[in-house]
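Please read it alongside the sequence and the coordinates.

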Amino acid sequence: MPKLIIDDIPVEVAPGTSVLEAARSVGITIPHFCYHPALAIAAACRLCAVKLLDGPVKGIQMSCALPAQDGMVVSTTDPEALRMRQLVIEWLMINHPHDCPVCDEGGECLLQDFTIAGGHSRRRYQGKKRTFQNQYLGETIHHEMNRCIECYRCVRFYQDYAGGTDFGVTGSAGRVYFGRFQEGALESPFSGNLVDICPTGVFTDKTGRFRARYWDYQFAPSVCQHCSVGCNTAPQNFQRETIKIVGRRNDQVNGWFICDRARFDKGYLNDPQRPREARLDGATCGYDVAIDAAAKAIGKFVAQNGAESLAFVGSSRLSLEGMILLAQLARTVDGARLCYFTDGGELTGSAAAARLLNEKNSAYLRDIEKAECIALYALDLMEEGPMLALAVRKAFLAGAQIYLVDGDPIPAREKLPFTFTAVATLDEVPFEGGGRGVVIAGAGKKDADLLDQLASGGAKLVMLQPGPNAMAGGLLSLEFGGQAFSELASAGKIKGVVCFEADLPEGLIVDVEVVACADWRTGAAAAKAPVFLPTTTWVESDGTAINYEGRAQRFQRTRVPGLPLRGLDPKYYGSTADAVAEHPPRVHRKEVPGGAERDAWRVMAQLIERLGGRTIEEPLTGRWSKLKDLDPESEGVRVFNLLQGDPRTDS
Amino acid sequence: MTLPLFRHNRANRVVTFDEYREEGGFEGLKKAFTGMSPAEVQQTVIDSGLRGRGGAGFPTGRKWSFVPRDLPGPRWLICNCDEMEPGTYKDRVLLEHNPYSLIEGMTLACYALGVRHAFIFIRKGYEKAAANLAHGIEEAKKAGLLGEKILGTEHSIDLDLHLSAGRYICGEETALINALEGRRPNPRQKPPFPAVKGLWQGPTVVNNVETLANIPAIIANGSAWFKGLALNPEGAGSKLFCVSGSVKNRACVELPIGTTLEAVLDACGGMREGRKFKACIPGGASTQFLKPEHMKLPMDYDTVAKAGSRLGSGGVIVFDESHCLVEATLNLITFFARESCGWCTPCREGLPFVREILTRIENGRGEEDDIAILREHVKYLNYTFCALAPGAMAPLDGLLRDFEDEVREHIVKKRCPLK
Amino acid sequence: MIPETLKKALEARVASAITAREAAVDVMKELQAHYGWLTDEAVEEAASLLGLSPLQVEELATFYEMIYRRPVGKKVIHVCDSISCWCVDCDGIIEHLKEKLGVALGGTTADGMFTLLPCCCMGMCGDGPAMSVGGIPYGKLTPELVDEILEMERQKI
């Protein structure tokens with residue numbers, strides 16, 4: 001363990017740690033552009049200069065590329081090091097445009113920060129600035145090459161880290177250019193990370209340019225709800241609109257990056273057509289009126305048909321809190337059915353994962369990255385868990401053997417960022433004692449025996465889930481006897497449903513009465529429901545999700561619910577006629593327009609209370625209570641050990 | 001005294017294979033393959049005091065000794081014939097007259113290093129040298145001196161040519177390795193050094209043409225003979241000096257290490273008619289100026305370094321009193337700025353900054369502060385990723401050290417005093 | 001489209017390399033010789049021969065001085081402007097070439113015969129001022145000699 005001194009502070013770090021990282025470990029930030037913890041060392045920008053005053057190396061050195069060694073005495077504030085860093089800024093500013101006021105990166109630009117920090121203000125270079133032609137890179141990323149400071153982060157991410165081949169660096173000397181062979185949309189499903197990784201404004205998020213500055217955003221730690229990997233994100237919102245979503249570091253789950261679906265698939269959050277108001281028999285009504293009506297309708301239905309012909313149906317879109325309360329709601333209506341899954345195969349898969357996975361055999365990101373042998377079994381990795389493809393690539397680059405095992409569905413072979421050997425069965429994969437082997441399977445639509453077989457192989461397991469919180473659905477299905485709605489419905493056992501964020505196909509509810517429906521989007525059930533209760537999405541609510549590996553993660557409310565200001569319907573300012581007659585409009589309003597949505601679990605708690613249950617302030621009780629104080633900025637916590645020894649909730 | 005490199009040269013043609021052999025060619029190879037262990041060959045090279053002739057002057061035998069003996073997997077030897085240092089043309093002249101010394105030298109180096117497959121990386125424009133080498137390799141193979149089972153021994157060695165497409169940075173050994181692999185020729189982070197992780201991640205030695213061409217004579221005649229060729233006690237061997245600029249007969253000459261600067265110039269007929277020596281750059285574009293007071297300086301690595309410059313590649317560029325050294329330095333900086341690979345900030349952006357200032361000074365728009373800015377660059381352009389920018393700063397440093405008055409005169413008079 | 005014989009030859013070159021990439025410069029040069037410059041089509045052909053993406057070929061093509069990614073004349077004139085040639089007034093030769101050809105540096109003559117480019121040290125420092133025309137080196141240039149060479153090179157086509 002090398003011991004060194006940085007700015008008079010003694011530091012001890014693991015062998016191989018760079019001086020830059022050693023400094024960071026004691027709270028000293030050495031300015032840098034090309035250095036990025038996820039990427040190989042480039043030592044290109046030369047900004048992280050420090051001076052070594054004593055020890056095995058002396059003089060000005062680049063701290064990112066210098067491994068910490070015993071006896072080093074490092075100064076980050078030495079005048080010569082400072083001057084070097086100032087000169088690097090001056091060199092970079094020779095060609096960087098002075099367009100911060102009209103640059104979308106302004107306010108969140110590393111170059112801007114370090115230029116100010118370095119005190120550069122006077123231009124000594126008297127020549128012209130060089131200019132480039134920008135390229136069209138698709139509908140999601142805007143290219144502004146003149147701003148480039150050639151740190152090579154983008155190409156190192158795009159090609160080396162993510163395995164893309166259609167974007168790179170051309171030219172040389174002062175004509176180095178980062179772009180494509182010809183204009184066109186970037187092909188990598190991870191291209192959006194260029195926005196996060198560029199230290200200045202070469203790549204900006206085209207879907208949210210010029211909407212707000214960094215300091216305008218409402219944002220908070222969140223967890224992506226597109227697949228069961230549970231990548232950490234930070235949605236950036238302004239005026240009730242999710243403008244951008246950026247990646248958030250979690251070394252246990254997604255590292256630094258997120259996929260393009262996580263980043264760009266956000267239109268539904270801002271959709272002005274989203275249901276915002278409670279409805280009773282087709283007419284808008286107060287939220288509490290609708291809850292009363294729902295409670296009454298449930299009571300009436302049970303009185304007429306019996307509780308066993310009523311199903312409370314949720315989905316993996318629900319938070320853990322919502323799922324727990326759904327079970328309690330079903331229990332309050334004694335004998336009612338509980339469904340977290342519509343599809344029987346998905347229930348089987350998720351319940352099997354919940355049953356088979358444990359602290360020891362459940363593989364997470366690092367297990368995949370460090371694996372020596374990986375089998376991809378019956379899944380479409382780029383669809384079911386794209387970020388794991390990058391983890392597999394990391395293992396591949398480190399020498400791991402990758403096998404693609406045909407199954408149902410046949411794994412996609414196109415565009416995987418690594419090369420693999422195709423085999424017919426899992427038996428052909430040479431896991432040696434299972435030591436550092438990982439099987440990655442999709443959990444949905446598989447029979448339980450098959451999954452048992454996978455789990456008994458000795459390799460660690462990844463069972464990707466059919467939805468963002470499906471693992472919680474599996475765990476709770478085991479705990480509370482959850483059933484698959486499609487099976488109940490086709491067996492004719494169900495006459496009525498109460499839906500919470502459930503996506504029931506129209507065909508399944510033709511002969512079923514939809515008693516009430518709560519959701520943040522509309523569908524067949526909502527259209528049929530006499531009582532409709534609008535709920536919040538994950539960006540507008542606090543909650544917990546459990547990812548494929550059994551890791552519980554807390555997401556925070558990142559903004560208030562309500563209609564985005566952009567494109568707000570004039571009716572919210574009074575009728576069109578009024579607006580013409582009287583200006584400015586004088587319609588008084590104390591609430592955010594369309595801001596009536598409530599978190600699904602709170603709706604359930606209110607229903608439980610009205611149906612004779614007790615008042616619920618905290619949904620995480622019993623064995624789940626250990627997750628109550630889960631820190632949204634933590635790496636999350638795996639639930640297997642938490643759940644042991646206390647199999648039932650106490651409520 | 002017969003010097004090792006040009007002894008086989010014919011006036012206007014390439015020496016033939018038979019002529020080379022008749023004059024003692026391939027004797028070193030025979031001696032090594034039939035009577036010396038690889039370690040003995042390496043030790044002889046260490047003892048000879050041979051230093052890298054590409055410019056850095058690093059002891060060749062020591063460089064070889066950095067290759068770990070026990071690493072599994074292939075190891076590689078690359079001959080650096082990317083001779084693009086302005087003022088340097090010795091390798092071309094050598095190969096256009098005689099490809100065999102290099103072929104034999106590389107075979108010996110492969111033997112010493114345990115290399116099965118070696119490459120010659122040849123710059124664009126040296127097609128004639130490449131053709132000579134290609135022909136020579138075939139002849140050597142036919143004669144059993146290269147290829148499978150050399151001289152009937154168990155040793156097999158292949159030599160391949162890699163023809164580049166023109167970039168100065170390819171001469172930097174790690175950039176050259178990237179270029180050879182078909183990657184962008186940016187230099188690599190060191191460590192790991194090529195001797196440990198080079199071509200295709202295997203141990204790799206990169207040596208200059210002239211360096212390797214010296215090996216046959218060293219092996220044939222012994223290290224003491226080679227050392228004794230030098231005129232000064234610290235030196236060893238001979239050196240190709242390729243002289244350009246204001247001498248009467250611009251030529252590439254082979255002279256003993258330690259020959260004085262004056263004698264090198266005399267070998268080229270002295271100064272051109274009516275021109276007076278003002279300064280010279282002794283070792284290619286990235287070395288500092290030598291002045292008239294250095295005429296008696298023995299041209300050896302250590303003595304030239306002590307005089308504040310470098311022997312470098314032996315590309316001696318001679319300036320006379322009619323040459324403006326601000327403009328000469330501007331020309332050099334323009335070259336280096338253009339040839340920057342674009343990887344690191346100081347080189348990519350700092351060199352054009354220096355070029356801009358020198359352009360203004362030369363055109364009479366210089367300002368008093370400019371000299372301080374230039375000095376700052378001389379200091380801070382040392383902290384770059386590779387040696388290109390520090391090399392570029394050498395002549396600028398020399399200009400500010402030895403000819404500051406001339407620079408100042410430009411600024412004060414607001415014009416070039418020589419125009 | 002390249003002729004089948006050239007394609008076969010290039011495939012053989014790639015196959016003989018230790019890794020396909022290693023042959024990239026050779027392949028680009030051959031395709032350039034065929035087309036006159038490395039056209040977009042040639043970049044794509046090189047990519048498919050080398051198992052790379054067109055962008056990855058472009059990354060290499062745009063690095064090298066002697067790979068042309070823009071149309072050039074039938075013969076490219078590279079005139080050295082480095083220090084040894086500067087010492088013997090290459091500037092005068094360059095001016096003469098510009099005037100004689102009626103183009104600026106980087107330009108192609110109206111008849112499409114010559115493209116004039118400056119170049120870095122050609123290793124002809126002992127024979128400066130130096131230039132190469134269509135790959136043939138010429139040294140010890142004088143304005144008169146330049147005129148003769150241009151005339152001769154024109155006739156050779």
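A nonpolar core is a set of buried Ala, Val, Leu, Ile, Met, Phe, Trp, Tyr and Cys residues joined through C-beta atoms within 7 Å. The model discussed here is predicted. Its largest nonpolar core has 389 residues.

**Nonpolar core**
- Ile374(A) and Val462(A) are the residues with the most contacts inside the largest core.
- The element that gives the most to this core is helix 6 of chain B (residues 100–113), with 10 residues.
- Setting aside neighbours within four places in sequence, the contacts of Ile374(A) include Ile368(A), Val392(A), Ile402(A), Val438(A) and Ile440(A).
- Ala395(A), Ala400(A) and Tyr403(A) are also among the contacts of Ile374(A).
- In soluble globular proteins, nonpolar side chains tend to be buried together.

**Chain B**
- Chain B contains 17 helices and 8 strands.
- Because a compact globule of 419 residues would have a radius of gyration near 22 Å, the 22 Å of chain B agrees with that form.
- Along the principal axes, the C-alpha atoms of chain B fill a box of roughly 75 × 45 × 35 Å.
- Buried residues make up 61% of the 419 in chain B.
- Of the contacts in chain B with a separation of 6 or more, 71% join residues 24 or more positions apart.

**Domains of chain A**
- The domain assignment of chain A lists domain 1 (3–93), domain 2 (125–270) and domain 3 (361–465).
- The centres of domain 2 and domain 3 of chain A, taken over C-alpha atoms, are separated by 29 Å.
- Domain 2 of chain A puts 17 residues into the contact, and domain 3 of chain A puts in 14 residues.
- On the domain 2 side of this contact in chain A, 11 residues are nonpolar, 5 polar and 1 charged.

Technical notes. Residues numbered from 1 in each chain as written. Chains lettered and ligands numbered in written order. Predicted model: local features only at pLDDT ≥ 70, side-chain atom pairs only at ≥ 80, totals over all residues. Buried ≥ 20, exposed ≤ 12 C-beta atoms within 10 Å, placed from the backbone. Helix = DSSP H or I, 4+ residues; strand = E, 2+ residues; numbered from the N terminus. Contact = placed C-beta atoms within 7 Å. Rg over C-alpha atoms; globule rule 2.2 N^0.38 Å. Domains from an automatic or database assignment. Nonpolar A, V, L, I, M, F, W, Y, C, P; charged D, E, K, R; others polar.
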